[in-house]
Amino acid sequence: MNLLLVIALGLVPLAYRFRVGSRLRQVGLALWVRPRFDPAAHGLPPREQLDAHRAGPTQSALRSKEVQAIADEAWGGDWRSAAAFVEAAGQDWDERWSRQELLRQLADEDDAWLDTWLRARPEDCTAATVHAQLLLHRAWAIRGNDYAHDVPAGRMARFMVQLNAAMEAAQKAAPLAPEDPGPWVVMVTAARGLRYDHDEFRRLWKELLTRAPHHYEGHCQALQYWCAKWAGTNKLMMEFAERSARKAPTGSPLAGVYLHALYELTRRSGPSAIPSSRTAKDLLETVARSLNQAPDDDQSLYQLRHLLAHYLVKARRYGAALEQFRRIGPWCGAEPWTNERDPVTAFDLARGVAALGARQN
């Protein structure tokens, strides 16, 4: 193997961190990689096509028209198309949650149509759940993303009032369709802000798992509960994430919960905290195999593929990383690239390292 390549790839775990302290190493690695990396030779889009405005392609024109029609009818006061849109998902609980979240976004702009729906069908679990989701979203908008000690007391008090309202709304929604996990996802999310203890949380979590053992959003919210900044620790979070990844059905986004945990770990403790054992690296490839079986147009996977490619490079699993970059295509408007001053350059360097590393293995 070329000696310079050995040296350069040996520096990747340090130089690839993209932090101020490693800026010089990053520049040096970029200068070494760029003239040796021809994207087309590795089945990747040329540099001039890289786009930092989006994580992935836009939804199809047909889906966009459908969503716009639902929005127009809802804001015009007719909730029936919105209700039918959710019902069409049947018991695909991930898809159903995604569609309810879309309705929640519409209601956040104007909720008069949702009020009309609730009055017309007070026993409709979907309407009641979207209402609970809306209260939950508004609660978190009041609190913001600051750490608790940085949130003014008045704002925190309003947050707690709104969060309790969301919990109560979800508790009322749950009996309306006992098989539906949606209200329980709201409860699991609210429990974090309401500081439920571990036993209280586990009771809610058991109810959710009974209804939807592989619910992606439910697991993402539970991961946040178990992380160190809320009710858990790094250890509890990683144990939860590893279990989730291993039980994920092939093709489900659930395996990607492990990537969220790694990202949370990186943000709190730095890159050196990332598990570096062979088992941890093998788990990344397990996640890759699962996500590779998912439909390419599944928008929930766009962000996950970026994180997966990033951590595969850090783990020196270059072949698996290169496959993710091929699936990602020209899009680089996602974390971790968007955390950098120049997302396009950061993305291009990462895929160059993956390509050169894969060629030598």
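This is a predicted model: local features need pLDDT of at least 70, side-chain atom pairs count only at pLDDT 80 or more; totals for chains, interfaces and linings use all residues.
Let me begin with the fold: the secondary structure of this protein comes to 17 helices and 0 strands, where helices (H or I, at least four residues) and strands (E, at least two) are DSSP runs numbered from the N terminus. The radius of gyration is 22 Å, close to the 21 Å that the globule rule gives for 361 residues, so the protein is as compact as a globular protein of that length; this radius is taken over C-alpha atoms, and the globule rule is 2.2 Å times the number of residues to the power 0.38.

Residues are numbered from 1 along each chain as its sequence is written, and side-chain values use heavy atoms, with hydrogens and water left out.

Staying with the overall picture, the C-alpha trace spans about 70 × 45 × 40 Å along its principal axes. Buried residues make up 49% of the 361 residues, and here buried means under 20% relative accessible area, exposed means over 50%, and partly exposed is in between, with a 1.4 Å probe and protein chains only. The accessible surface comes to about 16,800 Å², of which 51% belongs to carbon and sulfur atoms; such areas come from the Shrake-Rupley method with a 1.4 Å probe, and for residues only the protein chains shown count as cover. Of the contacts between residues at least 6 apart in sequence, 67% join residues at least 24 apart, a contact being heavy atoms within 4.5 Å.

Arg351 is in helix H17, and with a relative accessible area of 0% it is buried. Leaving aside neighbours within four places in sequence, Arg351 is in contact with Phe37, Pro39, Leu44, Pro45, Pro46, Arg47, Leu50 and Phe325. The C-alpha atoms of Arg351 and Gln324 are separated by 9.3 Å, although these two residues are 27 residues apart along the chain.

Arg143, in helix H7 (residues 125–143), counts as buried at 5% relative accessibility. Not counting residues up to four places away in sequence, Arg143 touches Ala148, Val151, Arg155, Met156, Phe159 and Trp230.

His219 lies in helix H11, which covers residues 216–226, and at 1% relative accessibility His219 counts as buried. Its contacts, once neighbours within four places in sequence are set aside, include Trp205, Leu209, Phe240, Lys247 and Val257.

Arg195 counts as partly exposed, at 48% relative accessibility. Arg316 likewise has a positive phi, of about 65 degrees, although it is not a glycine; Arg316 lies in the loop between helix H15 (302–314) and H16, and with a relative accessible area of 39% it is partly exposed.

Pro336 is in the loop between helix H16 (318–328) and helix H17 (343–360), and a cis peptide bond joins Glu335 to Pro336, with omega at about 10 degrees. Pro175 is placed in the loop between helix H8 (153–173) and H9, and at 56% relative accessibility Pro175 counts as exposed. Pro175 and Glu123 are 52 residues apart in sequence, and their C-alpha atoms are 9.3 Å apart in space.

Finally, the empty space inside. Rolling a probe the size of a water molecule over the atoms shows where empty space is left. On a 1 Å grid over the protein atoms alone, a cavity is a set of points where a 1.4 Å probe fits but cannot get out, and lining residues have an atom within 4 Å of a point; grid points are joined across faces, edges and corners, and a volume is the space filled by probe spheres set on the points.

How many cavities of 30 Å³ or more does this rule give? The count comes to 1 cavity, and the largest cavity has a volume of about 30 Å³. Its lining consists of Trp93, Arg96, Trp97, Gln100, Asp180, Pro181, Gly182 and His215, and helix H5 (residues 93–109) gives the largest share of that lining, 4 residues. By class, the lining has 3 nonpolar, 3 polar and 2 charged residues, where Ala, Val, Leu, Ile, Met, Phe, Trp, Tyr, Cys and Pro count as nonpolar, Asp, Glu, Lys and Arg as charged, and the others, Gly among them, as polar.

Note on methods. On a 1 Å grid over the protein atoms alone, a cavity is a set of points where a 1.4 Å probe fits but cannot get out, and a pocket is an open set with protein on both sides within 12 Å along at least five of seven lines; lining residues have an atom within 4 Å of a point.
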